[in-house]
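Welcome, and please take a moment to turn the model around on your screen. We will walk through it together, one region at a time.

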Amino acid sequence: MSKKYKGFLWIFIFLVIIGVSIFYLLRQYDNQQANNTKLIQNNETKANKGVSDKPKIIEKKEREFTGVNIKYNDKSVPVLMYHSIAYEEGNELRIPKENFREQMKYLKDNNYTTLTLDELYSFFISNKPIPEKSVVITFDDGYKDNYENAYPTLKEFGFNATIFVITGAIDNEKDYLTLNQLKEMEQNGVDIESHTVAHEQLDKISYEKQLDTLTRSKKYLEEVLGKEIRYIAYPFGKYNTDTVKASKYAGYNMSFTTQGGWSNKTQDIFTLNRVYISANYGLSEFKRRLTNPNYNTN
Ligand SMILES: [Zn+2]
């Protein structure tokens with residue numbers, strides 16, 4: 001091989017190495033920027049709460065919403081609120097499973113996207129766009145029938161949902177979900193979050209007691225489920241200024257009440273509205289609540 005040719009070969013190899021290095025450096029820089037943004041957001045929330053010994057947030061891969069109309073966080077989102085999925089004559093909190101399935105089928109047939117609470121949170125906080133037809137499905141209390149009657153339908157349609165559980169009832173009270181059921185659902189698109197330890201009416205108890213039930217339920221679920229608990233629904237939807245303060249201090253990121261209406265970012269993120277679904281509503285009332293952001297004012 002001639003000296004001149006060897007010289008060119010080395011220059012070529014050198015340029016390739018430089019090129020590849022620049023490519024990787026740029027890619028890393030991009031990733032770092034994204035991580036920094038997340039870190040800054042996490043640190044900011046921590047700083048606001050004055051808490052530092054929180055479990056690390058495991059960043060899940062974010063879903064990309066393509067091929068659908070999207071909306072930004074100046075718009076509202078319906079967060080459906082269910083309790084029990086079962087029959088009971090005269091109890092409007094218990095929705096027969098056929099009616100529940102009919103409502104879920106409506107969502108499926110009409111191309112609704114069921115958001116996780118992480119996705120709803122990103123939408124409000126980071127303005128991550130979501131599909132125009134987005135909905136959040138939540139259940140309060142953690143009834144065993146959620147596993148028996150709602151979970152099969154949710155799985156059938158591949159839907160995300162959240163159950164806010166009363167942690168003191170787990171493996172203790174017969175009508176409530178067991179830990180094994182929670183673990184199984186958690187692995188299959190059903191997010192488990194807190195509804196306090198004993199369903200305390202928060203606005204009736206001291207700040208210290210509120211902080212205690214908010215913290216203990218969160219720590220318990222984090223231990224048994226091995227994930228960070230970031231969201232809570234207030235029992236009876238009741239709260240006061242101490243509740244919001246205690247929720248922040250305990251390390252929650254977002255809370256829900258039972259105040260009727262779609263959730264939107266003009267509300268305090270610690271007192272978000274939800275859309276009540278009663279056993280007395282037919283499919284047309286379900287549709288009205290699902291499609292009309294101002295359903296409760298007209
Ligand atoms: Zn409740």
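This is a predicted model: local features need pLDDT of at least 70, side-chain atom pairs count only at pLDDT 80 or more; totals for chains, interfaces and linings use all residues.

The protein chain contains 8 helices and 10 strands. Of its 298 residues, 47% are buried. How far along the sequence do contacts reach? Taking contacts between residues at least 6 apart in sequence, 68% join residues at least 24 apart.

Three residues coordinate the zinc ion: Asp141 through OD, and His195 and His199 each through NE2, at 2.1 to 2.2 Å. Read along the chain, these donors follow the spacing D-x53-H-x3-H. Aspartate 141 and histidine 195 thus link distant parts of the chain, being 54 residues apart. Aspartate 141 belongs to strand S5 (residues 134-141), while histidine 195 sits in the loop between strand S7 (190-194) and helix H6 (207-225). Are these two residues buried or exposed? Both aspartate 141 and histidine 195 are buried.

The phi angle of histidine 199 is near 60 degrees, which is a positive value in a residue other than glycine. Threonine 196 is also found in the loop between S7 and H6. Its phi is near 75 degrees, again a positive value in a residue that is not glycine. Threonine 196 has a relative accessible area of 0%, so it counts as buried.

Next, look for alanine 86, in the loop between strand S2 (79-82) and helix H2 (97-109). Because its relative accessible area is 14%, under the 20% cut-off, alanine 86 counts as buried. Which residues does alanine 86 touch, not counting those up to four places away in sequence? They are Arg94, Ile95, Pro96, Asp145 and Asn149.

Now for the helix pairs. Two packed helices are described by the angle between their axes and the distance between the axes. For helix H4 (residues 144-157) and helix H5 (residues 179-186), the axes come within 11 Å and cross at roughly 15 degrees. Angles under 35 degrees count as roughly parallel, and therefore H4 and H5 are roughly parallel to each other. The crossing in which H4 passes H5 is left-handed. On the H4 side, Lys144, Tyr147, Tyr151 and Lys155 meet Gln181, Glu184 and Met185 in H5. By class, this contact has 3 nonpolar, 1 polar and 3 charged residues.

The second pair is H6 with helix H7 (residues 241-250), whose axes come within 9 Å and cross at roughly 40 degrees. That angle makes H6 oblique to H7. Here H6 passes H7 in a right-handed crossing. Residues of H6 in the contact include Tyr207, Leu211 and Leu214, and among their partners in H7 are Lys245, Ala246 and Tyr249. Sorted by class, the contact of H6 with H7 has 6 nonpolar, 4 polar and 3 charged residues.

Methods:
Residues are numbered from 1 along each chain as its sequence is written. Side-chain values use heavy atoms; hydrogens and water are left out. Helices (H or I, at least four residues) and strands (E, at least two) are DSSP runs, numbered from the N terminus. Buried means under 20% relative accessible area, exposed over 50%, partly exposed in between (1.4 Å probe, protein chains only). Contact means heavy atoms within 4.5 Å. Donors are N, O and S atoms within 2.8 Å of the metal (3.2 Å for Na, K and Ca); water is not among the atoms, so sites may look incomplete. Axes are lines fitted to C-alpha atoms, for helices over the stretch in contact, and angles run from 0 to 180 degrees between N-to-C directions. Angles under 35 degrees count as roughly parallel, over 145 as roughly antiparallel, 65 to 115 as roughly perpendicular and the rest as oblique. A crossing is left-handed if the near helix is turned anticlockwise from the far one by less than a right angle, and right-handed if clockwise. Ala, Val, Leu, Ile, Met, Phe, Trp, Tyr, Cys and Pro count as nonpolar, Asp, Glu, Lys and Arg as charged, and the others, Gly among them, as polar.
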